[in-house]
Amino acid sequence: MAFISSGYNPKEPMKDRITDIGPRYYEEFYPPVIKKNKGKWLYHEILEPGVVVHVAESGDELYTVRCGACRVMSVSHIREIMEIADKHCDGYVRFTTRNNVEFMVDNRDKVEPLKKDLLSRKQPGGCFKFPIGGTGAGITNIVHTQGWIHCHTPATDASGTVKATMDEVLDDFTNMKLPAKLRISMACCLNMCGAVHCSDIAILGYHRKPPMLDHEYLDKMCEIPLAIAACPTAAI
């Protein structure tokens with residue numbers, strides 16, 4: 001309880017604070033209709049694949065259009081998402097835990113123009129940048145691990161496998177014709193930090209043989225020396 005003894009009051013966490021370390025308070029980023037009706041929602045329903053309406057006690061409605069997206073995004077792609085949010089949603093947008101992007105509007109008349117804009121945006125190869133779906137009795141986006149872009153231990157990369165898989169099951173993302181919800185996840189190694197252990201279908205990369213080590217460079221790379229030094233018996 002060192003913080004208490006130094007004068008920190010948990011009931012007034014910002015009192016006498018001299019830094020702003022940490023994220024901003026999440027309520028600052030609520031769309032006005034969500035902030036107004038927080039804790040007062042009556043029900044929600046799926047109007048069509050990828051489109052959900054929430055209705056509040058006040059009669060206010062919030063329409064959400066869900067799109068599939070990649071986990072590892074380029075700056076230009078994020079800027080395009082922000083552009084869409086500014087154009088249709090007063091600048092508000094949110095990401096789900098399964099890497100979907102959700103655009104929210106407060107009027108049903110705004111839904112069709114938003115959908116039309118999203119579906120008009122395609123990659124140079126012709127595939128949709130923002131396919132609409134991922135709700136109800138279908139497949140939502142594939143959650144996956146970091147792969148080669150950051151992690152030290154992957155047996156395989158994630159993005160290519162996930163893209164190839166979603167290309168095959170896209171019809172089940174944009175429709176709701178399965179018997180129930182279906183979740184697919186991918187982990188790049190046996191650590192399984194990609195939630196594959198609690199999904200319906202798991203794609204798992206594993207090492208067929210021990211990885212080869214380049215000892216000349218190993219002790220100079222990122223967090224690896226710290227991890228090795230943390231073990232008193234040098235068993236790592």
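Predicted model: local features only at pLDDT ≥ 70, side-chain atom pairs only at ≥ 80, totals over all residues.
1. Residues are numbered from 1 along each chain as its sequence is written, and side-chain values use heavy atoms, leaving out hydrogens and water.

2. Start with helix H3, residues 75–88 (helices are DSSP runs of H or I with at least four residues, strands runs of E with at least two, numbered from the N terminus). Its 14 residues reach 20 Å from first C-alpha to last, close to the 20 Å expected at 1.5 Å a residue (1.5 Å times one less than the number of residues).

3. His77, Glu80, Ile81, Ile84, Ala85 and His88 of H3 are buried (under 20% relative accessible area; exposed is over 50%, partly exposed in between, with a 1.4 Å probe and protein chains only). Seen down the axis of H3, these buried residues fall within an arc of 140 degrees, so they line one face of the helix (the arc is that of the directions from the helix axis to the C-beta atoms).

4. On the face of H3 turned away from the buried side sit the exposed residues Val75, Ser76, Arg79, Asp86 and Lys87.

5. Just after H3, have a look at Asp90, which takes a positive phi of about 55 degrees.
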